[in-house]
Amino acid sequence: MSTTADRPAQEFKVVGSRPVRHDGVDKVLGRAQYGADVKLSGLIHGAVLRSPYAHAVIKKVDVSRAEAAPGVFAAITGNDMPVTAPRLVDMMEEVTNLKWASERVMAHGKAVYRGHPVAAVAAVDQNTALEALKLIEVEYEPLEAVISLEDAMKPDAVIIHDDLVGDHLGEKVPHTNIAEHTRTEFGDPEAAFAEAAHVLERTYTIARAHQGYIEPHSSTAFWSPDDKISVWTTTQAPFGVRSSMAAVLKVPLSDVRVVPTEIGGGFGGKIGLYMEPLAAVLSRKSGRPVKITMDRKSVFDATGPGPGGQVTAKMGVDKDGKIVAATATIRYMAGAYPGSSISAATAGIFACYKVPNVRIDAYDVVINMSKTAAYRAPGTPQATFASESLVSELCETIGMDPMEFHLLNAAEEGTRRPDGPVFPRIGNVACMEAIHNSDHFKSELGESPDGKLRGRGFASGYWNGGGNRSSVTISVNDDGVVSLVEGNPDIGGTRTTIAMQAAEVFGLPAHDVHPTVVDTDSVGYNDLTAGSRTTYASGQAAIEAARQVVEEIKKRVAMIWETEPENVSFEDSVFQNKVAPDQRFTFKEAAGKLGQTGGPVSKTGAVNVRGSGGGSFAAHLCDVEVDPETGKVQILRYTAAQDAGKAVHPSYVEGQFQGGAAQGIGWALNEEYYTSPDGVMQNASFLDYRMPTALDLPMIDAIVVEVPNTNHPFGVRGIGETSIVPPAPAVGNAIADAIGVRMYQTPMNPSRIMEALANKRNGKNGHQG
Amino acid sequence: MHPFIYVAPRTLDEAVAVLEQHGERARPFAGGTDVLVQLRGGRFDLDAIVDMKGVPEATTLELNGSLRIGAAVPCYQVYENSAVAAAFPGLIDAASLIGGIQIQSRASLGGNLCNASPSADGICPLIVHSTVAVVRGPQGERRVPVEEFCTGPGATVLERGELLVALEVPAPARGFGAAYQRFIPRNEMDIAVAGVGSALTLDTDGTTIASGRIALAAVGPTPLFAAKASAFLAGKPATPETFAEAGEIASTEATPIGDMRGTAEHRVELVKVLTRRTLAVALGRAQANR
Amino acid sequence: MTQQETPVRKVPVACTLNGQQTEFLAAPYQSLLEALREVVGLTGTKEGCNDGNCGACTVSLDGRIVDSCLVLAAEVDGRQVDTIEGMAPPHGLHPLQQAFLEEAALQCGICTPGFLVAARALLEREPHPDEHRIRLWLAGNLCRCTGYDKIVRAVQRAADETT
């Protein structure tokens, strides 16, 4: 189903169709090369020794016995890694201090999270490397682990980093675990609350949740004797890996070549550096290419999930239900190093609404757990769990239909987002209307045949999306097929969605554009595959390159026709002489004549797309059934409506909506880091982390709303991330509707639902985290 | 993983000899779904793995009134055998929910017992069926009631050189019915937060419980036989009230801890609910079996 | 490495792999998954968790699907192993592979080989499974990208088209 807004739509031939993806056959045959599939002549295998403690001084590391073991080629410790000076680098969805980026990949003197690399070895095979780890002697002095907000923020807190200087509302504060405290405000929320007809304030607790990509990290490096370093790695950010490798290893940027392999899921979690520098240093020591692949436990222990934390949100409305003010205090646990996307949380928490008076305080707090990473709409699902749960409860309090409330207060074109920017044309209202018109919304919830409780919940959500730098090179082959070279790893069909945008310009079928993702030496700079930017921004680079190709071919056919290029038109894949209209070449015919008119045509579209991806809003509707005797929640029905601007490939757009919804449902119901008081994750396996299986979900109805994005030639919006924003509150609101009691903490797992029901029987309000 | 050798004996005596030689540095191996995971996780090291799948006594499923399940018989062979499924639906409840389809191709009820996890799904139904474990060792064969087999988390009565050969499940009496249910937050692939196996035998009147057996999973250091709740059932009418009271009693026999899979309080509640629910299913099966 | 009484030598394994008689040497402690990928060179079978909880390494062993991470390579001597590499006919695709492409049932694609091998086993024994049955059968295969919707539809489509 598709909803188009009122403005006259562009006509498209390719965009909006559903071709089979270019890389699809390789992927269904098992031929696609992912990180761990890399094979090189002389390849040996690395393994990493990780700290069993969340916080400990490393007094001694002795790798001599490991190094001497049969089959072992090299062993390294923190002493083998260059010492990096502190310097901030912006990796788009992550800002990293290089010193910490370096320490994070290999501990220097102190382990600050469980799973922190302490040493690494390279050996003839994986098992020999793993066995050699047992021969490494490490002397630790365990320190008290700081793993909660309370412990990290208290006045006499154990300090994790002596060199962390906090930025607290612009003031430099040493000796703190609070890396940053920001405030965004306008108007006078206190005055507005004082005048409001109703005010509600609640505190919500959100668990750390992992991206859960099925492919563990795997990196292979070869440090050649001429000091050129090649890295094959499963990453969303090959150019980011190049620059941070160069910085961490203190080598020239252009001596590092990063080859992105196929990537088995990322969701933001495969942006940062992990084992790439370790493999490189092991390679330099051994003279061999070295591959290191994480096991699943290390992925949970030592890579970055999305941050958990606590959000206090407050909202006041007038007697008609119009929002008069809202405030929030967001506290996120960044993990062992700063950077928990509090700015995105600030941007997103009230973005769906017109809020005339607002204040948002946000805290980025370090704790002794692995550094969090970007995770799909970083920081925003957590904050939105608070705001959309609060809105639902507020509606219940004032007796207003949530849909009516949303429509009454909906942000629209011209509304100022709480953190400043003014919205361009957006699909916020269109998404709510799409839900309102859906079969799901019109359906009866029905009654359970066996005493279970049913409920329906609604929530909306927002993610801005990014633009930034992309380069795409298009070359025309003699047969009129074009090759398209790009630098964004394809996680979910972006080869095809980028190629389709070029094909649209050429008027060619999608399969006459052959896209290839190449290494960092083979294409101009590309920012990472993240931030919902790839189809949006690299698509614009492809359009730009394609337009240049068309202009060049115009010159060539003008030469043949002995006319001026201005006299050549290009429409429906046909070049025509406007002066002599019987002179025409199809694109393919023209392509065959390039050799005789000046040689090959190859053009690069290099763009830096300013501003946002247009912003993609979503509205989700969820039906649940709760067994009040066990606390079990079953998702009965789920509908996700979201604004795609223009869906380049509707199947992949639906897939993003469905996949994000499924992840959000996982957060809502079961996913969390269940951690011992000393900072050890107890459920570091797919068994006990409990991501949804096929049997846990219904079909997910995806409604593609299309309100064109004025920032993109075809109206495309970045759409990959918003879909994870509304699910947790939509599920929570449905549970509250079912059991008559509110949940204030994720995951809303069976034990917590039973506790909430017991509290209700005892006259307490819901489950307070 | 510490390197080990792979031994595939053809007879029980060969298997016992290898196990005796290596002591606790060798283990019998059937589906591998527990032992390989534990080896990779560094729980213990082995020098030898003894694959039981070539030993006839460990790989045969015999139904002859009573049921003999070779220790290495994978779950799917149990639940895909229609005669076994018809006669022992309470066992099928467990055999068909351990892991997913892939795991059921490999995992065995015997392995589930030897792994001795407190949350094992296979053990409670074996207990309520009064199953006997047939053990072979250097001193010959001995027979152990399943409820006495596990001695702690991951610990069993097996001595050096001993292995589990088979599980002998008595023929269900007329009027016998059994059921197993577990509670998990997802719908598959989880470890039980709590599990309850129940069995009852109806008196000739068809409404009175002659005897009953209840066993609990994931609420103590081992799957445990709920002696008080089981004794309570004898002579009681087979009614929802009786089942609810049995659940209350069973919950007092549970000694759960709170962990990542659920709180202790939740587990106690689940014992009540699952006891009631499994007894109701068992009653239906008992009535069909008269 | 502690005292090792018995030297651990590689063992010969002869099996029928994707219809071809295949012989290789594997360490006795090596999983079938690792042997397929590192010894035989078939990397289509993926490692997602190495503990039987994601199904990315699903292969067929004597016609039953198993997690190849929980099978020892030494065990498959004399047996029949079928992996994703053996699924398509020469110069063609299996109907499930075609359906996965047309239904956009993959995003990153890392779980796809496991899903395909598992789904094929289902359709071979039950040509017309209903949605619940498909979801139950595939519950041992995790996908983090799709929310399963399009995977289930692809299996339904392949089931419809093969009859």
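How many residues of domain 2 of chain A are in contact with domain 3 of chain A? I noted that 27 residues of domain 2 of chain A are in contact with 27 residues of domain 3 of chain A, where contact means heavy atoms within 4.5 Å.

I noted that the model is predicted, that local features need pLDDT of at least 70 and side-chain atom pairs pLDDT 80 or more, and that totals for chains, interfaces and linings use all residues. Residues are numbered from 1 along each chain as its sequence is written, chains are lettered from A and ligands numbered from 1 in the order in which they are written, and side-chain values use heavy atoms, without hydrogens and water.

**Entry 1: the domains**

I looked up the domain assignment (bounds from an automatic or database assignment): domain 2 of chain A covers 37-144 + 211-302, and domain 3 covers 309-465 + 612-761. Their centres, taken over C-alpha atoms, are separated by 35 Å.

**Entry 2: the sheet**

I then turned to chain C, where an open sheet of 5 strands has the order 2-1-5-3-4, with mixed pairing. Strands are DSSP runs of E, at least two residues, numbered from the N terminus, and two of them pair if DSSP finds at least two bridges between them. Strand 2 (20-26) and strand 4 (64-67) of chain C each have a single partner strand, so one side of each lacks a neighbour in the sheet. I found strand 3 (residues 58-61) of chain C antiparallel to strand 4 of chain C, joined by 4 bridges. C:V59 stands opposite C:V66 in strand 4 of chain C.
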